[in-house]
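This report describes a pair of protein chains for a reader who is new to structural analysis. Please look at the sequence and the structure together before reading on.

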Amino acid sequence: MDLTIIIFLLGGLFLGWSLGANDAANVFGTAVGTRMVQFKTAALVCSVFVILGAIISGAGTTETLGKLGAINALPGAFAACVAAGLSVYIMTKFGLPVSTTQAIVGAIVGWNIYTGSSINIKILFTILSTWVLCPVIAALIAMLFFVLTKQILRKSNWHLLRLDAYTRTALLLAGAFGAYSLGANNIANVMGVFVPISPFTDIHLMNVFTFSSKEQLFLLGGIAIAVGVFTYSKKVMFTVGNDLLKLSPPAAFIVVIAHSIVLFLFASQGISNFLHSINLPAIPLVPVSSSQAVVGAVIGIGILKRGKEVQWDIAGKIAIGWFLLPVIAALISLVILFVLQNIFNQAVSF
Amino acid sequence: MFSFKTKSLFGQTKQLEKEIDQFVDILSEVGLLFKSIVLAYLNSGITDKFDEMVKQVSEMESRADKITKEVERTLYEETLIPDARSDVLRLLEHLDEIIGMYQGNCYHFSIQKPDFPKEFQDDLIKLSETVVSCVESLCLTVRSFFRDIKSVRDHAHKVTFYEKESDKQFSSLARKIFDSELTLDKKMHLRYFVEKIDRICDQAEDIADEIQIYAIKRSI
């Protein structure tokens with residue numbers, strides 16, 4: 001493989017690494033931070049399931065991003081990834097619960113503007129609506145699970161220690177589901193822009209199994225996320241577990257499961273098809289923000305606890321992020337594309 | 001390297017549940033034994049039966065200590081119930097203090113051999129019965145804290161009720177003692193015993209209050 005291709009792919013891998021470092025904390029942060037699950041166990045489960053989710057169910061959201069703007073040159077994809085990564089970094093510096101999704105969408109729109117490609121307004125509107133829907137649905141699911149869990153705990157009379165053991169197991173299972181959903185939903189952010197210009201070729205194993213070039217890209221992206229989980233997420237997990245969310249272990253489970261369901265809903269082709277078959281509006285397969293799903297779930301629980309744990313300041317910051325992050329990503333994308341084209345003489349589109 | 005301790009986690013959990021139940025059983029049994037010890041002392045003074053029962057209390061106290069240490073070790077080594085661990089350990093230590101108070105009272109009877117005149121004996125028996133009922137209610141409060149959190153308040157309320165009863169009985173008995181014809185040194189000696197027994201209820205009420213706070217912390 002050409003060295004230039006590897007260098008350009010590194011942009012996506014960097015984005016994958018930062019996704020693993022930050023978003024794994026949304027899945028296992030409370031469990032690890034409160035020492036309910038060991039970091040090593042969490043990191044292993046998270047990595048395996050992120051990769052599985054990316055390869056098995058990552059296609060749907062990638063297709064949607066592709067419809068927004070099919071970047072057709074590797075330097076263009078590289079620019080989009082670096083712009084997304086940088087804008088996420090900038091927003092993180094300001095303490096905003098950012099989303100790589102919003103960043104990559106902004107960056108793709110930036111590429112569309114720079115290259116004069118048309119923007120699919122319908123797809124853009126669908127994606128924008130899911131940004132609002134994601135925390136709202138997460139809040140509703142968390143509220144439902146909160147009421148159910150409370151009822152179960154009231155009726156079950158489990159010993160405190162047995163409840164602890166059940167909660168640990170539930171956190172681990174919910175975390176595995178969350179990691180799978182994260183991989184399925186967010187792999188599009190990391191590798192989506194490279195799909196139309198994948199440098200890989202399909203691998204056929206004994207005419208039984210085909211490992212497509214897209215799946216190879218997703219595997220690579222999944223591995224990058226896993227490396228991010230192992231190398232940098234520990235600190236973030238302890239921060240999320242101890243500072244951001246002061247939740248009891250059962251409430252932590254509710255947050256993780258609500259987050260996981262939301263990510264899964266927006267990534268599952270099966271559920272979308274099923275809803276369509278019974279004449280209900282199909283769920284758009286769009287990469288959504290796991291951070292915002294978590295905050296939405298916490299707010300949902302907070303509302304049921306009469307506002308005691310509602311983090312309204314973070315809710316406000318999310319709303320600011322909806323507008324600011326894509327704009328910043330688009331602007332950075334424009335600058336990088338200009339530099340690549342005019343200084344490094346790279347074709348950013350064909 | 002990576003530890004999936006699901007099986008051993010549930011095994012340990014069962015073992016710890018058993019140990020905590022045993023600890024509360026000991027607290028309850030020591031109370032019943034204490035009631036028998038007071039009765040035996042007032043009826044026959046220091047006898048072999050009395051000594052045997054005091055020895056049993058000591059053995060139970062040692063067993064309770066062992067359980068506390070074992071629970072403490074397991075909770076910390078296996079990082080179980082991280083959010084409630086310190087509360088549970090503090091609770092066990094405070095309950096252990098009640099067992100120690102029972103044991104201390106038995107030893108005081110055995111060593112100091114207080115001379116309770118007949119006229120005070122019924123009141124002393126009533127007081128010790130109230131104290132034991134108070135600790136029995138505390139045992140139920142403790143068991144509720146672990147298994148049935150919504151009942152904590154009901155049992156804790158009974159602990160408070162018995163504590164007030166015990167205060168009334170203590171005041172009445174102390175008044176009777178000081179109104180009697182006994183010499184001041186004897187009066188003070190008897191008051192010391194009555195006060196020591198009544199203090200068990202105060203400790204029980206403090207623990208019941210603590211448990212109510214722990215129960216609020218345990219709500220999701």
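Predicted model: local features only at pLDDT ≥ 70, side-chain atom pairs only at ≥ 80, totals over all residues.

What percentage of the 220 residues of chain B count as buried? The value is 34%.

## Chain B

Chain B contains 6 helices and 0 strands. Read along the sequence, its pattern is therefore α-α-α-α-α-α, under the rule that helices and strands are numbered from the N terminus. Along the principal axes, the C-alpha trace of chain B spans about 75 × 35 × 20 Å.

## Chain A

Chain A has 12 helices and 2 strands. From the N terminus on, its elements follow the order α-α-α-α-α-α-α-β-β-α-α-α-α-α. The radius of gyration of chain A is 20 Å, close to the 20 Å that the globule rule gives for 350 residues, so this chain is as compact as a globular protein of that length.

The C-alpha atoms of chain A fill a box of roughly 70 × 50 × 45 Å along the principal axes. Of the 350 residues in chain A, 57% are buried. Among contacts in chain A with a separation of 6 or more, 85% are between residues 24 or more positions apart.

## Helix 1 of chain A and A:L19

Helix 1 of chain A covers residues 3–33. Because 24 of its 31 residues are buried, this helix is largely enclosed by the rest of the structure. Helix 1 of chain A bends by about 65 degrees at A:V27. After the helix comes A:R35, which has a positive phi, near 60 degrees.

A:L19 has its place in this helix. Why does A:L19 count as buried? A residue is buried if 20 or more other C-beta atoms lie within 10 Å of its own, and A:L19 has 28 other C-beta atoms within 10 Å. Leaving aside neighbours within four places in sequence, A:L19 is in contact with A:T100, A:N186, A:N189, A:V190, A:I225 and A:G228. A:L19 and A:V229 are 210 residues apart along the chain, and their C-alpha atoms are separated by 8.4 Å.

## The nonpolar cores

The largest nonpolar core holds 119 residues, of which A:A80 and A:V262 touch the most other members. Helix 7 of chain A (residues 160–191) gives the largest share of this core, 14 residues. Apart from this core lies another, of 64 residues, which includes B:V24, B:I67, B:M101 and B:A156.

Which residues does A:A80 touch, not counting those up to four places away in sequence? They are A:I71, A:I104, A:A107, A:I108, A:W111, A:V193 and A:S333.

## Where the chains meet

At the interface, 21 residues of chain B are in contact with 24 residues of chain A. On the side of chain B that touches chain A, the elements giving two or more residues are helix 1 (6–44) and helix 4 (118–147) of chain B. The largest share of that side, 6 residues, comes from helix 1 of chain B.

How do the residues on this side of chain B divide into nonpolar, polar and charged? There are 12 nonpolar, 4 polar and 5 charged residues.

Notes
Residues numbered from 1 in each chain as written. Chains lettered and ligands numbered in written order. Contact = placed C-beta atoms within 7 Å. Helix = DSSP H or I, 4+ residues; strand = E, 2+ residues; numbered from the N terminus. Nonpolar A, V, L, I, M, F, W, Y, C, P; charged D, E, K, R; others polar. Buried ≥ 20, exposed ≤ 12 C-beta atoms within 10 Å, placed from the backbone. Rg over C-alpha atoms; globule rule 2.2 N^0.38 Å. Bend = angle between axes of the 7 residues up to and from the residue. Core = buried A, V, L, I, M, F, W, Y, C linked by C-beta atoms within 7 Å.
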